[in-house]
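User: I am new to this structure and would like to be taken through it by questions and answers.

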Amino acid sequence: MKMYLISDNIDTLTGMRLAGVEGEIAHGRKEAKAAVEKILEEQNLGILLITEKLSIEIPELIDEIKLNRKQPLLVEIPDRHGSGRQENFITNYINEAIGIKL
């Protein structure tokens, strides 16, 4: 199984290449969508990594992969600037899901 990264910056891609992960750079919605669609055609793709910033650009494609495909496993990762999520996003998600403040 292959791991592949689609990133919006060279620093993240360089770091992942040092760990043996192949990938490419994409900027904006059009490039991100084309890159994801191209790599999804590969049969041996096990894990697709994508930076959070790019995943926000193509939410409909991200949702389709997560909800309708068994493979690849899609993992959204923060880039060098950190996560775009709130500090307590997991606690807030749980509070919202069960309706009780923890």
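User: How many helices and strands does the protein have?
Analyst: This is a predicted model, in which local features need pLDDT of at least 70 and side-chain atom pairs count only at pLDDT 80 or more, while totals for chains, interfaces and linings use all residues. Residues are numbered from 1 along each chain as its sequence is written, and side-chain values use heavy atoms, with hydrogens and water left out. Helices (H or I, at least four residues) and strands (E, at least two) are DSSP runs numbered from the N terminus, and from that end the elements run β-α-β-α-β-α-α-β-α. The secondary structure comes to five helices and four strands.

User: Which strands stand at the edges of the sheet?
Analyst: Strands pair if DSSP finds at least two bridges between them, and here four strands form an open, parallel sheet in the order β2-β1-β3-β4. Each edge strand has a single partner, so one side of it is left without a neighbour in the sheet; these are β2 (22-25) and β4 (73-77).

User: Which residue of β4 does L49 stand opposite?
Analyst: Strand β3, residues 45-51, pairs with β4 in the parallel sense over five bridges. The residue of β4 opposite L49 is V75.

User: Is I98 buried, partly exposed or exposed?
Analyst: I98 is found in helix α5, residues 89-98. Buried means under 20% relative accessible area, exposed over 50%, and partly exposed in between, with a 1.4 Å probe and protein chains only. Because its relative accessibility is 48%, I98 counts as partly exposed.
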